[in-house]
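Good morning, and thank you for coming. Please look at the sequence and the structure on the screen while I speak about charged side chains.

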Amino acid sequence: MPRDSKTIYLSFDDGPHPEITPWLLNLLNDHQAKATFFCVGENIHKFPEVFQQLISEGHSFGNHTYNHLKGWKTSTTKYLENVREAEEIISKFSGNTGSQKLFRPPYGKITPSQAKALQQLNYKIVMWDSLSADFDPTISAEQCYKNVIENTKEGSIVVFHDSLKASEKLRIVLPRVLEYYSKKGFSYKGL
């Protein structure tokens, strides 16, 4: 992403979640922040109203497979089928049939053949340069905060998770991150 303005690209993986995502949307709204949500198809299927809420509030979204598949452990054929299954549910509840689609591989693990095939299907594969590690039970909320602060600069793509597993740290760390960068004059945009 461009490094010439005080912009941070917040992203959230693994949702939508019926409790965490609405809390997160309220917090983002309080900070006039937009973000990108990389959604698991299965969760959109379970909680379509939450998915539609994040769209109606002006956030962008992308495909994170249907079942949170690890690319390195899955054949390209099965991986693409799973992405298509997620895309069907995304299209159903978003109406999005755009030619450019966003995709983030779960765990950041994808094979070259999977990446090439997705790019041929007009997906833009989005990774990150600042990982909060909010999902990691072995680190403290303070370390999670430091992970973001020490690795985020103009144009950074930052990853958090709107999942139950990450929720405790997310609720502590994200408000502090938003306050820290807002005081420095940063804005937050979706991809």
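**Charges on the surface and in pairs**

On the surface, a patch of negative charge is formed by Glu-42, Glu-81, Glu-85 and Glu-88. Please bear in mind that this is a predicted model. Which helix gives the most to the negative patch? It is helix H4, residues 76-94, with three residues. Glu-88 lies in this helix, and its relative accessible area of 59% makes Glu-88 exposed.

I turn now to pairs of opposite charge. Side chains of opposite charge can pair when their charged atoms come close. The structure holds four salt bridges, and I shall present some of them.

Asp-13 and Arg-104 form a salt bridge, with 2.8 Å between the closest N and O atoms. Asp-13 belongs to strand S1, and Arg-104 to the loop between strand S4 (101-103) and helix H5 (112-120), so the pair ties together parts that are 91 residues apart in sequence. Are these two residues buried or exposed? Asp-13 is buried, at 4% relative accessible area, and Arg-104 is buried as well, at 0%.

Another salt bridge joins the side chains of Arg-176 and Glu-142, at 2.9 Å from N to O. Because Arg-176 lies in helix H7 (residues 164-183) and Glu-142 in helix H6, this pair ties together parts that are 34 residues apart in sequence. Arg-176 is partly exposed, with a relative accessible area of 32%; Glu-142 is partly exposed too, at 36%.

Helix H6, residues 141-151, also holds Asn-147. Asn-147 counts as buried, at 15% relative accessibility.

Notes: Residues numbered from 1 in each chain as written. Predicted model: local features only at pLDDT ≥ 70, side-chain atom pairs only at ≥ 80, totals over all residues. Heavy atoms only, no water. Patch = residues over 30% accessible without salt bridge, like charges linked within 9 Å, V, L, I, M, F, W, Y side chains within 5 Å. Areas by Shrake-Rupley, 256 points an atom, 1.4 Å probe, with all protein chains shown as cover. Lys, Arg positive; Asp, Glu negative; His and termini not counted. Charge placed at Lys NZ, Arg CZ, Asp CG, Glu CD. Helix = DSSP H or I, 4+ residues; strand = E, 2+ residues; numbered from the N terminus. Buried < 20%, exposed > 50% of the residue type's maximum accessible area, 1.4 Å probe, protein only.
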